[in-house]
Amino acid sequence: AAPRALAHWAALGHESGPSATRRAAADWIEREIPIGASLGLLRFPEPSTTPAFPFSRYRLLMFSSPAALPEGRRPDWIVVDAPHRAALGSLAAEYELVKRFESGRLLWGKVPEDLFVGPTVDLLKRREIDKPRKES
């Protein structure tokens, strides 16, 4: 139990510093994702796992699984942490990984993702956004 507690403490320290995973992801979102784009989150924003980007700049779409999305509705982007990536299921095939922010490292290796402190954050973009529209 002591090594796990130390890992958790070290991860918290990393996430409060300048190289924090969530902070880096939030900065990238603000710089690279256009205002008004729709962002999908697999759960409501939580300080421990969600990048702290200004939510009011984007159209947020929260869903717990692809089945929970309204028919024909897909967010332009998905922000997902590593422990919840599998919940995307087949929906992941409609998106490409654009940016990954790896969880911090401890002296002996990577921070375990199941600590839910500064997990790896993936930014996925819907594949059809960049495809040119056919003219009729």
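This report walks through a predicted model of a protein, from its overall layout to its sheet, a helix and some aromatic rings.

## The overall layout

Let's start with the big picture. The protein has two helices and seven strands. Reading from the N terminus, the order of the elements is α-α-β-β-β-β-β-β-β.

Of the 136 residues of the protein, 39% count as buried.

Strands of a sheet pair through backbone hydrogen bonds, either parallel or antiparallel. Here, five strands make an open sheet with mixed pairing, in the order β2-β1-β3-β7-β4. Which strands stand at the edges? They are β2 (59-62) and β4 (95-101); each has a single partner strand, so one side of each is left without a neighbour in the sheet. On average, and ignoring direction, neighbouring strands of this sheet are turned by 25° against each other.

## A closer look at strand β1

Trp77 in β3 is the bridge partner of Leu39, and Ile78 in β3 is opposite Gly40.

The pairing of β1 with β2 is also in the parallel sense, over four bridges. In β2, Leu60 is the residue that stands opposite Leu39. So what about the two faces of β1: are they covered or open? Both are covered: Ser38 and Gly40 are buried on one side, while Leu39 and Leu41 are buried on the other.

## Helix α2 on the sheet

Now look for helix α2 (residues 21-32), which packs on the sheet. The helix touches β1, β3, β4 and β7 (121-126), and its direction makes about 130° with that of β4.

Which residues of α2 are buried? They are Thr21, Arg22, Ala25, Ala26, Trp28 and Ile29. Around the axis these residues cover an arc of only 165°, which means that they are on the same side of α2.

## Aromatic rings

A pair of aromatic rings is described by the distance of the centres and the angle of the planes. Searching the whole structure gives three aromatic pairs. One of them is Trp28 with Trp77, an edge-to-face pair at 6.0 Å centre to centre, with 70° between the planes. Because Trp28 lies in helix α2 and Trp77 in strand β3, this pair ties together parts that are 49 residues apart in sequence. Why do the two residues count as buried? Buried means under 20% relative accessible area, and Trp28 has 11% relative accessibility, while Trp77 has 6%.

Another edge-to-face pair is formed by Phe53 and Tyr58, with 5.7 Å centre to centre and 80° between the planes. Both of these residues, Phe53 and Tyr58, are buried. Together with Phe55, Phe53 and Tyr58 form one aromatic cluster.

Technical notes:
Residues numbered from 1 in each chain as written. Predicted model: local features only at pLDDT ≥ 70, side-chain atom pairs only at ≥ 80, totals over all residues. Heavy atoms only, no water. Pairing = 2+ DSSP bridges. Axes fitted to C-alpha atoms, helices over the stretch in contact; angles between N-to-C directions. Contact = heavy atoms within 4.5 Å. Buried < 20%, exposed > 50% of the residue type's maximum accessible area, 1.4 Å probe, protein only. Arc of directions from axis to C-beta. Phe/Tyr/Trp six-rings, centres within 6.5 Å; stacked < 30°, edge-to-face > 60°.
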